[in-house]
Amino acid sequence: PRRSNVKLSAASINEYVMNSGDVFSYNDVVGQRTAARGYQAAPAYVQGETVDEIGGGICQTSSTLYLACLRSNLEITERYAHRYVPAYITAGMDATVSWGGPDYKFTNNSLYPIKIVTIYENNYLTVRILGTNVDGTYVKMSNEVLSKTPWETIYQEDPTMAPGSPDVVKVTPYTGYKVNSYQTIYDKDGKVIDSHFEASSNYKVRNKVILQAPAAQ
């Protein structure tokens with residue numbers, strides 16, 4: 001279901017054309033994620049918990065688009081980091097979205113039209129932004145981990161479990177991180193034109209919770 005949602009959301013932004021000055025809104029272009037539109041229930045974060053939600057996984061598309069925009073030196077208008085550190089993209093390069101909640105937006109601040117092209121094959125998503133590069137400049141992104149908060153293991157007794165039953169992992173853990181991302185722009189000869197702070201991302205820690213059966217009487 002997650003892969004299906006990624007593929008469907010990627011198809012929604014494929015071949016999308018923006019003129020100079022246009023602002024792209026991920027939620028507006030992709031639209032509401034509903035079962036009627038083909039989206040399936042897949043893991044997503046809701047108030048700190050991992051639950052199955054219609055459209056779960058589409059943040060992989062918005063995050064890949066965000067990194068493509070950074071690499072294309074486009075103006076980021078609105079972006080929010082995930083609650084927990086993502087596994088599918090470099091920390092600090094993700095963009096979370098939710099219908100009625102966080103959106104991802106960017107502006108075509110170049111002088112020419114651009115087109116978003118997405119390719120989903122072999123369970124990998126590629127996002128390309130086609131445009132006009134008049135001077136051969138290019139961008140590299142980097143990040144800096146400012147702090148790291150390790151998770152802890154918490155044990156809880158579950159009275160519904162039969163005595164002697166094996167332990168059950170109720171909550172999977174995430175290490176907390178504070179990360180800064182930086183954008184460096186090079187000219188066609190590889191000389192640094194500009195290097196600056198791009199964004200900060202604060203990923204929460206989530207402890208591992210293990211349920212244990214009550215002791216035998």
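I will take the pockets in turn and then the hairpin.

This is a predicted model, in which local features need pLDDT of at least 70, side-chain atom pairs count only at pLDDT 80 or more, and totals for chains, interfaces and linings use all residues. Residues are numbered from 1 along each chain as its sequence is written, and side-chain values use heavy atoms, with hydrogens and water left out.

The largest pocket has a volume of about 670 Å³. A pocket here is an open set of points on a 1 Å grid over the protein atoms alone, where a 1.4 Å probe fits, with protein on both sides within 12 Å along at least five of seven lines; lining residues have an atom within 4 Å of a point. The volume is the space filled by probe spheres set on the points, which are joined across faces, edges and corners. Of its 31 lining residues, P43, A44, Y45, G57 and C59 are the closest to the centre. Strand 3 gives the largest share of that lining, 4 residues. Strands are DSSP runs of E, at least two residues, numbered from the N terminus.

The second largest pocket holds about 520 Å³. Its lining has 20 residues, and the closest to the centre are S72, S110, T132, N133 and T137. Strand 8 (124-130) and strand 9 (138-149) each give two or more residues to that lining.

Now the hairpin. Strand 3 and strand 4 pair antiparallel over 6 bridges; pairing requires at least two bridges found by DSSP. A42 has E53 in strand 4 as its bridge partner. Between the two strands lie 2 residues, and Q47 in this hairpin takes a positive phi near 50 degrees.
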